[in-house]
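Thanks for asking me to look this over. Here are my notes, point by point, to read with the model open beside you.

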Amino acid sequence: MPKLQGFEFWRETLRGAHYVVAPMVDQSELAWRLLSRHHGAQLCYTPMLHAQVFVRDANYRKENLYCDVCPEDRPLIVQFCANDPEVFVQAALLAQDYCDAIDLNLGCPQMIAKRGHYGAFLQEEWALLQKMILLAHEKLSVPITCKIRVFPEIDKTVKYAQLLEKAGCQLLTVHGRTKEQKGPLAGVASWEHIKAVRKAVSIPVFANGNIQYLSDVEECMQKTGVHGVMSAEGNLHNPALFEGRNPVVWEMTEEYLEIVHQYPCPLSYVRAHLFKLWHHTLQVYQQLREELAKAKTLEGIADVNRDLKLRCQEEIANQKEGEKPKGGLPFFHWICQPYVRPGPKEMCKENGTSGSEGGMRGKRALEDEDDGNTDILSKNKQKKKLRNPNKRFDPSLKPKYAKCDHCGNPKGNKCVFNLCRGCCKKRAFKETADCPGHGLLFKTKYEKSLLWKSGQPEMQKIERTQKGDVEETAGLKEGIDTVL
């Protein structure tokens, strides 16, 4: 059967999906995908998987894709981050039988993507991307798709999208933010960029950004003309977003925990989901935040959910007629609703600093942290202090490491290249050089191998000498035995 492409692929394989759950690291696992599908999601992506690790590690493949076969979890797109065409295709070939398409992540803006040289940090390397997509398009039995971020310039974004389409991309998801727009600097996604891309390409386009309610989905599709809308943050805070419903948080939690019992996932994933789902309620009941953080089992988390449910129901019973939600929320805190991340100015106000002080969050004075006053320590450091009361946070006590010139990791003190061991090994291998500091002897071993292969007289002489020594020793030993 020939591989479906473009709109035919979207209509038949993806069943004309409009409502899409985004690929999210450690957050779009099978259990969460099933919960989202129960509440209106028509297409889901796996979490972003690292292509190189996927190729070399069988356990990684099993944990992230080769798990329980679940017919309900289709259509499904597997997303990889990669920067090498051959490795990307190898990973995709191992995954293609478990999904409906392979997606190349060109949108991750996080520091880990910068260090690993993938995601949005490949968006200037058009020749490499063209090669990766072209090779995948030729080798795979399923279509190749891409998820990108925009450039500040609309024209450049359009040319970028057209290049990916020409290379073989069959569906494009456009996140309407630049790679610099993240965290408190996220701002509003540009639907104008998405609209321009949609008009310029002849393949299906999904939009990503500014989606908090079902009405936003409808407005986005109307204004941009896209074929589907992807949600990440909105889905995490309200998995029933695509139903146009705002259920109570414990209802979604109970359903999610039931699915996790059937399709287990790491407890850290579950805890992270509930921190998002309960975000507004945990601002009111701070103690429950600590209990959720300490829970070691699913049963323990279920107990915290029951406690949360009882407290909220008691609050509802004592509610006065006509009372409105507090904190400027559209709904009461126990109802699933979006969380709007504060910008730099709002964060500065929360920390008691003015927006004029660099426009970033004010930092705690280091000398204040050293006096052992746990009231001003971060929560993470307070936990460390509980485990070890003698723990000190004085930065002057921490050893200072010189950084590797390439990756920023600590470099070897005796490295001849001033690199960490990983970078040193790559360079020494490439240049056939030695680094005694890291115990790497590529040059020495290479020269020895040449001597052995060429059979030079010096090596033969050494061999004869060694052989003579052995024979002489054996003869001496035999003589001694005879005397004895």
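1. Tyr66 is partly exposed, because its relative accessibility is 24%; buried means under 20% relative accessible area, exposed over 50%, and partly exposed in between (1.4 Å probe, protein chains only). What you have on screen is a predicted model, where local features need pLDDT of at least 70 and side-chain atom pairs count only at pLDDT 80 or more, while totals for chains, interfaces and linings use all residues. Residues are numbered from 1 along each chain as its sequence is written, and side-chain values use heavy atoms, with hydrogens and water left out.

2. Which partner does Tyr66 stack with? The structure holds 12 aromatic pairs, and in one of them Tyr66 is stacked with Tyr98, at 4.4 Å centre to centre and 25 degrees between the planes. For the terms: rings of Phe, Tyr and Trp (its six-membered ring) pair if their centres lie within 6.5 Å; planes under 30 degrees apart count as stacked, over 60 as edge-to-face and the rest as tilted. This pair links distant parts of the chain, 32 residues apart: Tyr66 sits in the loop between α4 (58–64) and β4 (76–81), and Tyr98 in the loop between α5 (85–95) and β5 (101–106). Helices (H or I, at least four residues) and strands (E, at least two) are DSSP runs, numbered from the N terminus. Tyr98 has a relative accessible area of 37%, so Tyr98 is partly exposed.

3. Phe429 is in helix α20 (residues 421–431) and Phe442 in helix α21 (residues 442–454), so the pair ties together parts 13 residues apart in sequence. Phe429 is exposed, with a relative accessible area of 59%, whereas Phe442, at 25%, counts as partly exposed.

4. Now the charged pairs. Side chains of opposite charge can pair when their charged atoms come close. A search of the whole structure finds 12 salt bridges, a salt bridge being a side-chain nitrogen of Lys or Arg within 4 Å of a carboxyl oxygen of Asp or Glu. In one of them, the closest N and O atoms of Arg33 and Asp73 are 2.7 Å apart. Arg33 lies in helix α2 (residues 30–38) and Asp73 in the loop between α4 and β4, so this bridge ties together parts 40 residues apart in sequence. Are these two residues buried or exposed? Both Arg33 and Asp73 are buried.

5. Another bridge joins Arg306 and Asp303, at 2.2 Å from N to O. These two are separated by about one helical turn, because they are 3 residues apart in helix α16 (residues 298–317). Arg306 is partly exposed at 46% relative accessible area, and Asp303 is partly exposed at 43%. Salt bridges that share partners, by contrast, join Arg33, Arg37 and Asp73 into one network.

6. Gln123 lies in the loop between α6 (111–116) and α7 (126–139) and counts as buried, because its relative accessibility is 3%. Leaving out residues up to four places away in sequence, Gln123 touches Leu129, Arg149, Val150, Phe151, Tyr160 and Lys179; contact means heavy atoms within 4.5 Å. Lys179 in turn forms a salt bridge with Glu180, with the closest N and O atoms 3.2 Å apart.

7. Some backbone details to check. A cis peptide bond, with omega about 0 degrees, joins Arg74 and Pro75, and Pro75 is in the loop between α4 and β4. Thr432 is not a glycine, yet has a positive phi of about 50 degrees; its place is in the loop between α20 and β10 (434–435).

8. Finally, confidence. pLDDT is the predictor's confidence in each residue, from 0 to 100. The protein averages 87, and 85% of the residues score at least 70. Where pLDDT is low, the predicted coordinates should not be read in detail.
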